[in-house]
Amino acid sequence: MFSSPIVRSYVLKHIRSTSPFFVLRFFRFHCPADDTETLTIPQSQSPEPSQSLVKAICAQVCDSYHRHAHMRLSPPMPDINVNPYSLTHEQAITVVASLASEAGSMVALSFFYWVLGVSKFRHFMRLYLVTATSLIGNGNFEKANEVMQCMVRSFAEVGRLKDAVSMVIEMQNHGLTPSTLTLNCVLGLAGEMGLHDYAEKVFDEMSERGVCADCSSYKLMVVGYCRAGMILEADRWLGEMVERGFVVDNATCTLVVSAFSKKGFASRAFWYFDKMVKMGLKPNMINFTCLINGLCKRGSIKQAFEMLEEMVREGWKPNVYTHTALIDGLCKKGWTEKAFRLFLKLVRSEQYKPNVHTYTSMINGYCKEEKLNRAEMLLTRMKEQGLVPNCSTYTTLIDGHCKLGNFDRAYELMDSMGEEGFIPNICTYNAIVNGLCEKGRIQEAYKLLRKGFQRGLQPDRVTYTILIAEHCKHANIKGAMAFLGKMVKVGLEPDMRSYNTLIATFSRQNRMKESQKLFEEALKLGLVPTKETYTSMIGGYCRDGHVNTALKLFRRMDLHGCAPDSFTYGALISGLCKESKLDEACQLYETMMDKGLSPSEVTRLTLAYEYCKKDDSATAMILLERLEKRLWLRTVNTLVRKLCCEKKVGMAALFLHKLLDKDNDIHQVTLTALMTACYESNNYALISNLNERIS
């Protein structure tokens with residue numbers, strides 16, 4: 001539009017003239033067609049809009065404006081004795097242009113906002129453009145930008161945001177540079193509509209055109225990405241925001257912490273929180289509670305309680321939501337008794353009392369510990385306190401019973417839900433279906449699912465993940481992938497648990513190309529790999545003989561906030577041992593022990609035996625010395641038997657003597673294995689020595 005510089009110059013020159021009819025004629029030729037009317041090039045004989053009606057409306061608007069000039073509304077809505085639906089589009093824009101030229105910008109705006117209340121004009125683009133151009137002619141750029149913002153909001157309502165923004169940018173060629181408020185209006189609407197890539201494009205283009213982005217501009221980008229769950233993009237914009245010295249407000253801080261924590265980026269959320277406080281943010285109770293909740297969900301209970309202490313130091317008293325977050329975190333960590341002490345503190349409090357969520361968290365804790373009697377007692381207590389259990393409460397208890405195989409009680413609770421006015425949702429069905437699958441009652445699980453679907457329920461991602469896991473359990477990878485495909489087809493994005501199940505199955509089958517493909521697919525979807533993801537991949541690559549690839553993955557774990565456990569270390573140590581990289585395996589073993597992790601018996605035995613194979617029993621003994629006595633005895637007994645099987649009788653006898661030094665009560669199986677090996681190798685001297693030592 002308006003591509004010729006000569007045309008642009010001509011337009012600007014004449015727009016600033018006092019003739020409103022030039023504006024009308026020009027925009028009839030050059031505006032894009034609207035949904036509300038079909039534009040045609042006017043013929044020379046076409047009559048101008050009725051001058052008498054236009055003049056009458058202009059007079060009424062001027063009179064009304066001056067009568068209401070004392071009002072604080074800016075501009076006041078005019079009293080016009082005309083049916084707005086009787087006005088044509090041409091008459092409306094002629095009135096706006098005339099008023100701007102003859103009576104001033106504010107009078108023109110009063111009519112503009114009045115006519116926008118009529119649906120036939122709301123999405124008529126020329127009305128906005130003529131109004132803005134008339135205001136530019138008066139030198140009122142601020143109000144012209146307001147008109148552009150109004151146009152953007154109106155066209156976004158009908159899905160034509162991009163059309164409106166194109167005209168906003170084009171108007172700069174005619175003297176109106178978009179304001180920061182206009183930029184923010186576009187960014188906010190694009191974020192709400194999920195047009196995040198488009199928002200970035202507009203941000204860049206307007207910045208190149210001289211529009212200065214402010215704190216709100218960056219905040220809108222961050223908020224848009226956070227609400228969409230696109231944490232890596234939100235992190236990028238938040239980083240730029242901090243770099244420019246902008247500080248988020250309390251509401252944005254809460255959203256960022258919540259979104260980052262939910263997606264597994266609690267460490268990053270904590271870092272931003274700390275950074276923002278140093279930059280001047282004064283956190284409130286909601287900010288602190290949200291961060292405590294995020295830390296609890298990550299399992300960082302110690303940090304959560306430290307944050308609680310800081311919250312109290314800042315003068316904020318923890319409320320029921322703060323306590324509930326801590327109770328939930330303690331329960332998920334398996335520290336139910338500590339959680340119950342905090343729960344009792346709430347019960348005895350005069351100010352706050354446990355709510356439904358608090359009770360549900362405690363019930364969940366007891367269900368995980370298989371203390372169903374206590375969980376049932378809390379349900380009864382909850383009702384006595386006048387609290388009504390919700391679907392989540394019942395589902396939590398049903399899940400606990402199903403895990404123990406108490407399906408009769410689970411079905412009773414399901415019936416109770418209906419009696420109390422709650423309809424079991426898909427989460428309730430998922431809990432029972434998962435329990436039935438774990439107990440091998442597959443047909444009953446499918447029958448229950450069909451019953452739920454007949455009642456109008458739709459499977460969610462958890463339902464599909466349960467079915468995927470069930471097929472993987474029976475090595476039916478084709479069926480599992482079929483369910484993954486169906487899940488995507490119905491519009492459900494798989495979560496990390498779904499991918500973990502498939503990655504683990506492919507890895508067990510040494511099909512690492514498929515595992516890697518799924519891993520990369522999950523990353524593209526913005527999912528955060530978990531400790532289980534990495535452990536499966538590392539184990540698979542080690543079994544497949546690609547230890548270097550496994551080591552690269554191991555080093556990447558920290559990027560996603562994953563701390564390797566004893567299984568992760570064990571898989572990698574086994575892989576290194578297979579390739580005779582004992583020094584690296586030994587270093588990992590020492591690192592694991594330094595972190596307080598207890599190596600599994602397979603890991604202990606594998607590493608010690610590999611050193612024994614190299615006739616380095618001294619290093620093997622040193623490695624095992626760090627174990628507690630119970631684990632040391634079990635490992636050395638097993639090692640002696642394994643060495644006997646491999647005909648390494650002398651080394652087996654050496655470890656047996658070490659066993660006798662620590663404990664005279666040797667396993668009979670171990671002693672028999674060594675005696676048999678000695679006889680088979682004709683090593684009667686060793687038998688004699690052992691008999692002397694034992695007697």
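**View 1. Packing of helix α12 against helix α14.** Helix α12 (residues 215-227) and helix α14 (residues 250-262) pack with their axes 10 Å apart and at an angle of about 35°, and their crossing is left-handed. The structure shown here and in the other views is a predicted model. On the α12 side the contact is made by Lys219, Val222, Val223, Cys226 and Arg227, which meet Thr252, Leu255, Val256, Ala259 and Phe260 in α14. By residue class, the contact of α12 with α14 consists of 7 nonpolar, 1 polar and 2 charged residues.

**View 2. Helix α21 and its buried side.** Helix α21 spans residues 372-384, and its 13 residues reach 19 Å from the first C-alpha to the last, close to the 18 Å expected at 1.5 Å a residue. Leu372, Ala375, Glu376, Leu378, Leu379 and Met382 are the buried residues to look for in α21. Because these residues cover an arc of only 155° around the axis, they lie on the same side of α21. The buried residues pack against four helices, namely α19 (336-348), α20 (356-368), α22 (391-403) and α23 (407-419). On the face of α21 turned away from its buried side, the exposed residues Asn373 and Glu384 are found. Just after α21, Gly386 takes a positive phi of about 85°.

**View 3. Helix α9, a mostly covered helix.** In helix α9 (residues 161-170), 7 of the 10 residues are buried, so that the helix is described as mostly covered. The buried residues of α9 are Leu161, Ala164, Val165, Met167, Val168, Ile169 and Glu170.

View 4. Ala190 lies in helix α10, which runs over residues 180-192. Its relative accessible area is 0%, and Ala190 is therefore counted as buried.

View 5. Thr635 is a residue of helix α36, which comprises residues 629-645. Thr635 counts as buried because its relative accessibility is 1%, where the cut-off for buried is under 20% relative accessible area. Not counting residues up to four places away in sequence, Thr635 touches Glu601, Arg604, Leu605, Leu624 and Leu627.

**View 6. Positive phi values in two loops.** Ala475 has a phi near 60°, a positive value in a residue other than glycine, and it is placed in the loop between α26 (461-473) and α27 (477-489). Asp615, likewise not a glycine, has a positive phi of about 60°, and Asp615 is found in the loop between α34 (601-613) and α35 (617-625). With a relative accessible area of 59%, Asp615 is exposed, since residues over 50% are classed in this way.

Methods
Residues numbered from 1 in each chain as written. Predicted model: local features only at pLDDT ≥ 70, side-chain atom pairs only at ≥ 80, totals over all residues. Heavy atoms only, no water. Buried < 20%, exposed > 50% of the residue type's maximum accessible area, 1.4 Å probe, protein only. Contact = heavy atoms within 4.5 Å. Axes fitted to C-alpha atoms, helices over the stretch in contact; angles between N-to-C directions. Left-handed = near helix turned anticlockwise from the far one by under 90°. Nonpolar A, V, L, I, M, F, W, Y, C, P; charged D, E, K, R; others polar. Expected span 1.5 Å × (residues − 1). Arc of directions from axis to C-beta.
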